[in-house]
Amino acid sequence: MAGTSQLDIDYVANLARIALTPAEKEKFSRQLDDVLHYVEKLGAVDVTGVEPMAHAAPVFNVWQPDESRPGLPVEDALRNAPAQCDNMVAVPKVVE
Amino acid sequence: MSDLWFRSATELAALLGAGRLSSVELVQSLRGRAQALDGRIHAFNSFDEADALAQARAADERRASGRARGPLDGVPVALKDVIAVSGQPLTCSSRMLENYVSPYDATVTERLKAAGLVVCGRTNLDEFAMGSSNENSAFGPVANPWDTSRVPGGSSGGSAAAVAAGFAPLALGSDTGGSIRQPAALCGIVGMKPTYGLVSRYGLAAFASSLDQIGPLARTVDDAALLLGAIAGHDPRDSTSFKAEAPDYAAEVANRKGPWRLGVPKEFFGAGLDPEIGATVRTAIDFYRKQGCEIREVSLPFAAEYAVAAYYIIATAEASSNLARYDGVRYGHRSTKAKDAVDLYFRSRAEGFGEEVKRRIILGTYVLSSGYYDAYYLRAQKVRALIRNEFTAALQEVDALLSPTSPVPAFKLGEKSADPLAMYLTDIYTISVNLAGLPGLSVPCGFTAAGLPVGLQLVGRPFDEAGLLAIARSYEQAHGWSQRHPAL
């Protein structure tokens with residue numbers, strides 16, 4: 001397996017875009033170390049020649065005709081938006 | 001009318017059909033019971049009574065004018081708060097979606113409405129369906145109706161508790177690693193996870209897309225068959241939906257007769273199994289033997305030893321990807337403290353997600369991250385193939401596999417919540433079934449000395465739901481477990 005079970009919590013939390021408190025970092029590191037130690041047992045399985053399986057049954061791309069159909073009306077699509085203006089979702093400024 | 005609370009959906013449908021009961025009376029009776037008792041159970045996150053009564057009145061009018069949509073017209077069904085109902089809240093028991101209102105119906109919701117069922121009550125769950133005890137709900141845990149100091153199981157704990165407590169005859173749950181079967185077992189009812197692809201996932205808030213399936217919870221096998229029949233079938237809006245029409249399960253189940261060849265996976269009776277559960281399940285297996293079924297010992301070494309490990313890599317990896325959509329931008333919780341656009345993601349997710357969801361996103365992100373992908377995710381997918389292969393081989397020899405659903409009966413609230421790994425191991429017999437994509441069912445098979453329900457799990461071949469239901473029904477009909485109800 002990966003050799004170490006010590007996950008770099010700051011690095012991974014940054015990838016996941018979640019701000020963790022120091023207490024959460026300490027707790028999750030400890031608990032996930034237990035989980036990672038447990039899953040290390042997968043390293044003992046001989047998987048030589050085994051094809052990885054993403055789905056239990058084969059999944060194929062599904063095509064549909066390129067035809068316009070009614071979609072979600074704008075007001076319905078925006079009903080759950082935290083902020084909106086002029087029929088758009090409003091967000092903090094991204095580019096100065 | 002108190003005698004309605006524990007009537008099966010089949011009986012209620014007959015009363016409605018004979019004009020001896022109205023849907024409005026039925027909804028009011030069940031609502032009255034929930035209003036009196038749900039303060040102790042907390043099965044519902046919300047219940048729109050006006051909407052429920054409007055649906056019931058419409059059902060009564062259809063029946064009165066001879067336009068009933070089918071046998072279940074006017075029968076109430078509660079939906080796990082992770083399945084979209086247009087105009088109703090969809091919280092996933094998360095602060096992230098506390099104020100979210102569904103803009104459309106899930107396919108299963110559309111089908112239930114088309115069959116005339118009264119879709120009412122949003123049932124509590126572990127946040128985003130991540131958990132085995134319902135303690136991870138942002139709105140508070142659910143209590144087990146058989147012993148309110150204990151958990152109902154999870155993640156569909158609210159659906160299971162609502163059915164067990166007599167608040168609803170039918171409910172839908174979702175099952176990613178046991179989330180229908182385990183709470184059904186712990187609450188003493190029937191719960192079924194259909195074959196992957198049988199029931200559309202359109203409108204189901206995604207947790208782990210290659211494992212998630214919606215399925216029925218009910219107090220009898222016949223009721224589960226009726227509800228499955230109402231929701232199953234091809235849906236072009238779900239690309240993984242199986243392209244075939246579903247059979248009439250209620251009719252099929254009555255036609256299928258034993259004796260059957262049944263397999264008992266020897267590894268599912270080993271260390272970690274509560275001795276009372278083991279003995280109770282063995283008694284149920286003996287029943288089948290006495291009925292003339294051939295009982296054969298089978299071996300599932302990969303499923304028993306490696307399924308939990310493979311699952312917690314695959315499911316968390318998929319969850320970390322699926323839950324990336326909750327970014328505080330288009331819907332869901334948005335932090336008011338963000339300094340800039342990127343900070344908005346960090347803070348909205350920190351404030352909106354609960355502890356277990358954060359833990360799983362972190363784990364899933366890690367196993368997919370550069371340098372670890374092959375060692376964890378790719379290897380877990382290969383082990384998944386080995387698990388599926390050994391199920392396929394076993395099910396060539398037998399019609400179904402019998403085992404306990406859960407290794408332990410309902411545990412105390414708080415008993416396992418500090419130890420995620422101990423909690424994950426309670427799904428040891430159910431998880432492999434999701435990895436293999438097979439149908440699985442839990443049917444009540446007795447009680448512990450302390451009066452806690454025990455569930456028997458049946459696992460079958462892909463799309464042989466009718467066979468599984470028939471095997472479960474033959475046991476149920478010879479025992480009276482479905483007539484026992486919690487004293488609340």
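Predicted model: local features only at pLDDT ≥ 70, side-chain atom pairs only at ≥ 80, totals over all residues.

Residues are numbered from 1 along each chain as its sequence is written, and chains are lettered from A and ligands numbered from 1 in the order in which they are written.

Ile313(B) is also among the residues with the most contacts inside the largest nonpolar core, together with Val77(B), Ala310(B), Ile387(B) and Leu469(B), and that core has 181 residues. By a nonpolar core I mean a set of buried Ala, Val, Leu, Ile, Met, Phe, Trp, Tyr and Cys residues joined through C-beta atoms within 7 Å. Buried means that 20 or more other C-beta atoms lie within 10 Å of the residue's own, exposed means 12 or fewer, and partly exposed is in between, with C-beta atoms placed from the backbone. Helix α10 (residues 301-322) of chain B supplies the largest share of this core, 15 residues; helices (H or I, at least four residues) and strands (E, at least two) are DSSP runs, numbered from the N terminus.

Now to the two chains together. On chain A, 44 residues are in contact with 53 residues of chain B. The side of chain A that touches chain B draws at least two residues from each of α1 (9-15), α2 (22-39) and α3 (74-78) of chain A, and α2(A) gives the most, with eight residues. By class, the residues on that side are 34 nonpolar, three polar and seven charged, counting Ala, Val, Leu, Ile, Met, Phe, Trp, Tyr, Cys and Pro as nonpolar, Asp, Glu, Lys and Arg as charged, and the others, Gly among them, as polar.

Turning to chain B, we find an open sheet of eleven strands in the order β1-β3-β2-β4-β6-β5-β10-β11-β9-β7-β8, with mixed pairing; two strands pair if DSSP finds at least two bridges between them. At the edges stand β1 (44-46) and β8 (294-298) of chain B, each with a single partner strand, so one side of each is left without a neighbour in the sheet. Strand β7 (residues 261-265) of chain B pairs with β8(B) in the parallel sense over five bridges, and Pro265(B) stands opposite Val298(B) there.

β10(B) and β11(B) form a hairpin with five residues between them, and Gly451(B) in the turn has a positive phi of about 85 degrees.

Two helices of chain B also deserve a look: α7 (residues 221-231) and α16 (residues 465-477) pack at an angle of about 160 degrees, with their axes 9 Å apart. Axes here are lines fitted to C-alpha atoms, for helices over the stretch in contact, and angles run from 0 to 180 degrees between N-to-C directions. That makes α7(B) roughly antiparallel to α16(B), given that angles under 35 degrees count as roughly parallel, over 145 as roughly antiparallel, 65 to 115 as roughly perpendicular and the rest as oblique. The contact of α7(B) with α16(B) has six nonpolar, no polar and four charged residues.

Finally, some backbone details to check on your screens. Cis peptide bonds join Gly154(B) to Ser155(B), with omega about 10 degrees, and Gly258(B) to Pro259(B), with omega about 0 degrees. Asn134(B) has a phi near 65 degrees, a positive value in a residue other than glycine, and with 33 C-beta neighbours inside 10 Å Asn134(B) counts as buried.

How values were computed. Contact = placed C-beta atoms within 7 Å.
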